[in-house]
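Subject: Structure handover

Hello,

Here is the structure I said I would pass on. My notes on it follow below.

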Amino acid sequence: MQQTSSKLPNMPQELSIISTPTTTSTTTTTTTTVTNTKKLTLIPLIFLIYFEVAGGPYGEEPAVQAAGPLLTIIGFLVFPFIWSVPEALVTAELSTAYPGNGGFVIWVERAFGPFWGSLMGTWKFLSSVINIAAFPVLCIDYMKQIIPAIESGLPRYLALLCSTLGLSFLNYTGLTIVGYTSVVLAVVSLLPFIFMCLIALPKIKPHRWLSLEHKGVKKDWNLFFNTLFWNLNFWDNVSTFAGEVDQPQKTLPRALFITVIFTCMAYVFPLLAVIGALSVEPSDWGAGFMAQAAELIAGKWLKIFLEVGAMLAAIGPFEAQLSSSAFQLLGMADIGSLPQFFGLRSKWFNTPWVGILLSTSISLGVSYMNFTDIISSANFLYSLSMLLEFASFVWLRRKFPRLKRPYRVPMRLPLLVVMCLIPCGFLAVIMAIATKKVYLVSGIMTVAGIGWYYLMKLCKSRKWFQFNTGGEGVVEENDHERVAGHLLQIDTF
């Protein structure tokens, strides 16, 4: 990845994100206090991004069940290059050009205006909180093999409720704590897969990787592509808390580059080991099959270890994506898309407690849906938002060619268009194979998002809530200068 650090004469500067005391029209004066919090450094950021995207090989099994071993291996080898790398490159450039909380909402607003920025916020937020709901479900699916009582009924509902609330409280304690917790969770959750790969080595028969003929395999392309997509997306979520990162212009591109490689290895190696070492039908590859494979390869001890790892691995993505959702709302409050109270921070931990509370509440309601429906709904909304994000990336390059970009994708505009069209083609496939239920749910949410934008406009005009107005400043640029409106940040209350 190319770093550009030299400053050219007349180079336009990045949009400034400043902290300014808030003034209101009411008789009550609010004092803004600034809490000095530790910024995220490279190592915890790498593992936060890792858990934003993946969380380990847990959850890749349905792809084998849907399309067989060979296509799954090809999928996890090829898909990162046509999807993960372009998304990571876009994120690296735009999050260093606009290094404030809010991320992709800011990018789209700067490219196409407040309406599209608000709609982008709706799509991203809903897809993220829907995705968050999948991780306690995945955790319970592994736990039920140790504790059969939570397989269904009231015990399962209570397990989902308690796990969601407990994990949300951990998020409330701070992004730095979540970052270092992610490092520990990644190490512990990946250890059983390292053991499994090493023990499986003498048992691997490479011809099994190439096998296409299995009884009872009926290709389920919907499940196959959605599983690939779900396991390798959300690279841009890190942009929503770019303002919390230490030296984001340098740290974010490095972290993204390392995480792309690390994530691909974490998916492919266990897949090759299990498929090569075991002769099982693809129909047996249901959710949680990796635990059964561990027992067949190494014994009961590794199965238990892997199941414990699965429970811990589900914590990481939950924490990382809950953080991005909460900071997205805070960023939208900073730029005036949402009322100021969405930007309130905890006076103890300086975390966006309103965003955490709202995200947790929605994800709890969604967590009782079917796991496959959760993935499909999240993927469809995310597809809509990514089409808009790729368009914003290209348009900002054209609209602000001399905008200061500490990291710049080393391509000219025509090649950038090609780079973005490839993943957009895949997005079109994901959307085309969606079920009627997913179309209906996504349509309702999109209409609700449009209605929300006009409701916020009405609230502003009637002054029902207090909004930041600095985020609506006009951004203009030519070859020699750029005038940027300030983004106000609401700090601790």
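Helix α1 (residues 42-53) packs against helix α9 (residues 248-277) at an angle of about 50°, and their axes lie 9 Å apart. That angle makes α1 oblique to α9. The crossing of the two, α1 and α9, is right-handed. On the α1 side the contact is made by L42, L45, I46, F47, I49, Y50 and V53. On the α9 side the residues are T251, L252, R254, A255, L256, I258, T259, F262, T263, A266 and Y267. Sorted by type, the residues of this contact between α1 and α9 come to 14 nonpolar, three polar and one charged. Please keep in mind throughout that this is a predicted model.

One residue of that contact can be followed further. Y267 lies in helix α9 and counts as buried, at 1% relative accessibility. Leaving aside its neighbours within four places in sequence, Y267 is in contact with V53, A54, G56, P57, E60, F76, N231 and L232. Y267 and L77 are 190 residues apart in sequence, yet their C-alpha atoms are 9.0 Å apart in space.

T91 is found in helix α3 (residues 69-97). Is T91 buried or exposed? T91 is buried, because its relative accessible area is 0% and buried means under 20%. Apart from its neighbours within four places in sequence, T91 is in contact with T96, W107, W235, D236, V238, S239, L256 and E389. Among these partners is L256, which also belongs to the α9 side of the contact with α1.

The axes of helix α7 (residues 175-200) and helix α10 (residues 289-298) come within 10 Å and cross at roughly 45°. This makes α7 oblique to α10. In this case α7 passes α10 in a left-handed crossing. F193, M196, I199 and A200 of α7 meet M290, A293, A294, I297 and A298 of α10. The residues of this contact of α7 with α10 are nine nonpolar, no polar and no charged.

Two other helices were checked for length and burial. Helix α11 (residues 300-334) has 35 residues, which at 1.5 Å a residue should span 51 Å; its end C-alpha atoms are 52 Å apart, so the two values agree. Helix α11 is mostly covered, with 29 of its 35 residues buried. After α11 comes G336, whose phi is positive, near 85°.

Helix α14 (residues 413-432) has 20 residues and reaches 28 Å from its first C-alpha to its last, close to the 28 Å expected at 1.5 Å a residue. Its buried residues include L416, M419, C420, P423, C424, F426, L427, I430 and M431. An α-helix has 3.6 residues a turn, so residues three or four places apart point the same way. That spacing can be looked for in the buried residues of α14, including L416, M419, C420 and P423.

Last, the totals. The protein has 15 helices and four strands. Of its 493 residues, 58% are buried. Among contacts in the protein with a separation of 6 or more, 84% are between residues 24 or more positions apart.

Regards

Note on methods:
Residues are numbered from 1 along each chain as its sequence is written. This is a predicted model: local features need pLDDT of at least 70, side-chain atom pairs count only at pLDDT 80 or more; totals for chains, interfaces and linings use all residues. Side-chain values use heavy atoms; hydrogens and water are left out. Axes are lines fitted to C-alpha atoms, for helices over the stretch in contact, and angles run from 0 to 180 degrees between N-to-C directions. Angles under 35 degrees count as roughly parallel, over 145 as roughly antiparallel, 65 to 115 as roughly perpendicular and the rest as oblique. A crossing is left-handed if the near helix is turned anticlockwise from the far one by less than a right angle, and right-handed if clockwise. Contact means heavy atoms within 4.5 Å. Ala, Val, Leu, Ile, Met, Phe, Trp, Tyr, Cys and Pro count as nonpolar, Asp, Glu, Lys and Arg as charged, and the others, Gly among them, as polar. The expected span of a helix is 1.5 Å times one less than its number of residues. Buried means under 20% relative accessible area, exposed over 50%, partly exposed in between (1.4 Å probe, protein chains only).
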